[in-house]
Amino acid sequence: MSILEFVRVTLSRIRSTLHPRRVDEDFRKELASHLELLTEDNIRRGMTPAEARRQACLRLGGVDQLSEINLEMQGLPFIETLIQDTRYSWRVLRKSPGFAVTAVLTVALGIGASAVVFAALNAIILRPLNVPQPESLYSIHRSDTIAVQSYPDYLDLRDGNRSFEDLAAYNLELVGLDTDDNPSRAWGIATSGNYFDVLHIQPYLGRLFHASDEHGLNSAPYVVLGYGYWQARFHNDPGVIGLTIQLDKHPFTVIGVTPHQFRGTLLIASPDFFVPIVNQEQIDATNVLNDRGNRNAIFMTLGHLKPGVTPAEAAADVNSIWSDLVKRYPKDHMPSTFVLGRPSLYGDRLGRPMRAFLFALMLLALLILVAACANLGTLFAARAADRSREVALRLALGARRLRILRQLFTEALLISSAGGALGLWGGLLLLRSLRTWQPFPQWPINIPITPDAKVYAAAVVLIVVSGLLFGAVPVRQVLRTDPYEIVKAGSRTTASRSITIRDLLLVGQISICAVLITASLAAVRGLEHSLHSNFGFEPQNAMLVNTVLDMAGYRGDQVPAMQKRLLESIRAIPQVTSVALVDLPPLNGGVRGGPIFRDETTDLRPANAAATADMMKVSPDYFRTAGTALFDGRDFSWHDDKDAPRVAVINEEFARKIFGSAANSVGRYFKIQDGTRIQVVGVAEDGKYENLTEDPTAATFLPILQSPTSDSWLVVRSGADTQSLATAIKQRLKELDSGLPSFIQTWNSAMALPLFPERMATAALGVLGLIGAMLSVTGIFGMAAYSVGRRKKELGTRMALGAQSKQVLQAALGRSFRLLAVGSVVGLVLGIFASRVLASIVYHATSRDPLILAGAVLSMFLLGLLATWIPAQRALSFDPSVLLREE
Amino acid sequence: MATKSEILQGTLDLMVLKTLEAMGPLHGYGIALRLEQLSDQVLQVNQGTVYASLVRLVQKGWIRAEWGTSENNRSAKYYSITVRGRKQLAAEAEDWMRISGVIGKLLQLEPR
């Protein structure tokens with residue numbers, strides 16, 4: 001039958017199903033008219049009326065039988081049986097509410113966990129960016145560092161490549177934005193003029209800027225607002241178009257608003273505003289557009305590939321342009337390789353760990369679902385065994401085995417649907433509460449995970465598959481049921497001693513749960529280690545105050561003067577022990593690496609660098625305030641200024657790389673990119689600078705008076721209560737300059753950024769471990785309760801014959817405990833292997849830690865105890881005399 | 001694989017279609033009589049069998065049913081072939097001829 005025909009027939013059947021009585025009456029009327037016609041013909045042939053009628057009935061066939069066939073053909077037998085089965089299953093489940101609730105909750109946990117993780121995976125990895133033609137949109141990344149290129153390099157790439165339709169570039173900008181002397185911090189991007197045209201974005205309101213708006217430096221003081229920011233800050237006011245607002249005290253005209261769906265090209269942060277990059281000087285205070293060596297001028301370069309060009313061909317094109325640039329400007333460039341990636345997660349930089357993490361999480365969530373299915377499979381098999389008498393009776397009465405199996409599967413699917421709906425609902429609530437969550441107060445990072453049709457489809461597939469999986473466990477049992485034997489012997493078959501499929505399922509389920517518990521313990525312990533490891537500074541009892549002076553219009557010599565005033569004013573707060581200034585604190589998400597040369601090197605091309613070192617510009621007293629130990633030499637003083645010889649404090653790794661050892665580096669010299677000789681005056685301890693899992697990294701500290709910076713982070717050390725301290729600091733800042741935007745937080749809360757991956761991993765694994773623990777409890781409980789219930793009579797007999805409670809318990813629960821032990825051992829061994837994977841995300845995570853092993857063993861034991869407690873109580877409470885009289 | 005009864009069903013459906021095409025609108029009794037005349041092989045059990053075929057054909061949209069009045073003033077349900085039914089009949093008749101032709105040739109093969 002063709003599909004069209006099938007549809008037509010089904011539609012006709014549905015129509016008839018809606019009016020079954022009319023269809024039946026119509027058909028009976030038709031048969032009656034047939035009989036009359038036939039009878040009349042018979043009479044005409046000479047029969048008596050009675051005989052004619054009788055013969056007619058014989059020739060037509062049984063009217064009731066024909067009507068039955070007609071109804072069956074006109075109806076939807078599949079649906080009707082389904083409704084029947086569902087009603088029957090509902091009645092059966094209502095009779096054992098304990099089983100039904102346990103089963104539904106088990107499925108809900110499994111489906112809920114999988115749905116949430118899949119929604120995250122879908123929103124972050126699988127779904128393309130919400131821009132036109134996302135499939136051909138690629139960004140250019142260096143394979144060695146996070147930085148991309150300088151603005152002049154971008155222009156050369158844009159004009160020289162033959163692979164992209166056009167190339168756009170942008171940089172991240174933090175500004176003080178005020179409409180009427182009320183500065184607040186805003187995050188946005190400075191983009192090349194062609195940015196919106198490259199992405200094919202149309203304005204929601206007003207207009208967007210184009211390449212034709214760029215006429216040289218600071219020629220395009222326009223700002224386009226992101227939809228979300230326009231909504232939050234300007235309350236959807238369309239009158240904002242044409243308004244002049246201040247960005248870092250420079251006037252910009254609002255010309256448009258981007259559409260609601262457009263959240264920029266970086267998935268994790270939606271820009272508040274967009275400004276042309278030619279006006280970058282006004283918001284960064286220094287012009288980096290002509291500096292070919294400044295690799296941090298552009299955060300990302302992206303564009304659509306021309307039709308037919310593969311990413312590999314485009315990368316080769318970019319690399320050949322780059323090698324030309326390296327030849328032409330050897331002073332500014334190191335040979336480097338570029339690769340193409342997806343802009344949404346910054347190529348592979350964020351993409352690879354995110355993918356690895358989410359796929360690992362997906363695997364774990366599916367494992368949970370498998371464990372839940374194994375759990376339910378055990379319960380279903382046990383129930384099927386209990387219902388063998390019912391099954392036997394139905395078989396004996398002529399039911400087909402297929403029909404009975406179908407009813408059992410309906411029951412399983414009913415449970416998996418109810419549980420799946422519950423789990424999905426819980427998952428959606430969780431996702432909704434996470435939608436507005438900003439993990440880091442100082443960063444605009446936020447990933448709204450909105451489930452789409454794919455998520456619902458996946459949930460439905462999982463619901464059906466898991467229902468079929470655990471419904472399939474008792475199939476063999478039903479198929480082998482011999483009605484005569486069971487009806488004869490009664491349902492109490494003797495407990496078999498051999499290993500059954502139920503045992504295997506239980507062991508499998510427990511080992512999965514043990515893996516999850518081991519992994520989550522390892523993650524928690526790893527996180528605890530990280531929180532107490534040595535960062536090379538002390539975040540306890542310290543506050544960070546971020547002010548960017550150029551946001552408030554400070555320029556040139558005003559900057560160091562203001563910085564000094566800031567330090568003095570805060571130092572005067574009574575509870576403050578010490579205060580210092582740094583351009584960007586370590587582990588705060590910055591990139592500040594630069595090449596370092598040995599003193600004897602004369603050709604200062606990047607290829608000749610002895611090392612790459614993180615550079616921090618700090619004020620005197622930084623080391624004491626930050627809690628960074630100074631091993632050798634001296635701290636900076638305010639005399640290390642522009643007129644004094646250039647000095648630096650280096651860390652041990654730096655000393656080892658450049659001078660061989662830390663012992664006698666004080667007094668020696670090194671050179672930086674521009675050829676300046678710098679003398680080492682001190683050696684500080686090593687620390688972590690960019691992320692927690694990095695290898696020891698060379699770092700150098702430079703005095704702020706010799707390398708001025710307008711980025712000012714004040715480190716304030718004080719034992720005082722943070723709330724009152726923050727108020728005092730705010731007060732002082734206001735007294736100094738009421739127009740200075742600032743952001744105050746404890747250093748501990750700023751650590752949220754570097755610790756984020758570990759915290760996420762720990763939270764996710766913790767939740768999964770908890771679900772695993774709950775599943776193993778319900779699994780063991782179900783099995784133990786079942787075996788106690790089933791062997792009631794046997795246990796009663798034993799007790800009547802004088803068995804002690806210990807012996808009774810051993811008989812009742814020994815098997816459950818043995819299975820638990822086997823499962824736990826298998827799970828622990830697997831968990832040890834699994835934690836190797838974990839170690840790449842969670843710093844310090846290892847499951848070979850004896851504490852973790854002991855913890856996992858103890859938790860499995862406690863879980864077993866908890867799960868068998870009620871069945872054990874029940875076994876002990878049996879009164880043998882009552883039991884033996886019962887049957 | 002079509003079972004024996006399916007082949008039988010198909011044959012019956014084809015015969016009903018052809019009857020309606022050849023004789024115009026007919027009621028169930030009339031179709032049953034006509035089929036009995038043509039062959040007592042298929043309908044040897046009882047006349048009611050024809051109704052399963054009629055329901056199938058109506059569901060597929062190949063024939064249409066309407067209450068009307070018989071020649072001796074009895075109300076009866078009349079069936080008539082639709083345009084789609086005619087197309088289907090043409091296609092199936094062609095298939096049938098081809099297959100029976102092949103089978104006929106096959107059966108005429110002389111043993112070597």
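How much area is buried between chain B and chain A? In this predicted model, the area buried between the two chains is about 2,300 Å².

**Figure 1. The contact between chain B and chain A.** Chain B brings 25 residues to the contact and chain A brings 26 residues. Carbon and sulfur atoms give 53% of the buried area of about 2,300 Å². On the side of chain B, the residues that lose the most area to chain A are Tyr29(B), Tyr51(B) and Gln59(B), together 31% of what that side buries.

Figure 2. Five salt bridges are counted between the chains. One of the salt bridges joins the side chains of Arg74(B) and Glu40(A), at 2.3 Å from N to O. On chain B, the elements that give two or more residues to the side touching chain A are helix H2 (28-38), helix H3 (49-60) and strand E3 (75-81). H3(B) gives the most, with six residues. By class, this side of chain B has 10 nonpolar, nine polar and six charged residues.

**Figure 3. The largest nonpolar core.** This core has 61 residues, of which Tyr170(A), Tyr195(A), Phe196(A), Phe262(A) and Phe274(A) touch the most other members. Elements of chain A that each supply at least two residues of the core include strand E2 (168-178), helix H8 (195-199) and helix H12 (347-386). Leaving out residues up to four places away in sequence, Tyr195(A) touches residues including Tyr170(A), Ile189(A), Phe262(A) and Phe274(A).

Technical notes: Residues are numbered from 1 along each chain as its sequence is written. Chains are lettered from A and ligands numbered from 1 in the order in which they are written. This is a predicted model: local features need pLDDT of at least 70, side-chain atom pairs count only at pLDDT 80 or more; totals for chains, interfaces and linings use all residues. Side-chain values use heavy atoms; hydrogens and water are left out. Contact means heavy atoms within 4.5 Å. Buried area is the accessible area (1.4 Å probe) that two parts lose on being put together, summed over both. A salt bridge is a side-chain nitrogen of Lys or Arg within 4 Å of a carboxyl oxygen of Asp or Glu. Helices (H or I, at least four residues) and strands (E, at least two) are DSSP runs, numbered from the N terminus. Ala, Val, Leu, Ile, Met, Phe, Trp, Tyr, Cys and Pro count as nonpolar, Asp, Glu, Lys and Arg as charged, and the others, Gly among them, as polar. A nonpolar core is a set of buried Ala, Val, Leu, Ile, Met, Phe, Trp, Tyr and Cys residues joined through side-chain atoms within 4.5 Å. Buried means under 20% relative accessible area, exposed over 50%, partly exposed in between (1.4 Å probe, protein chains only).
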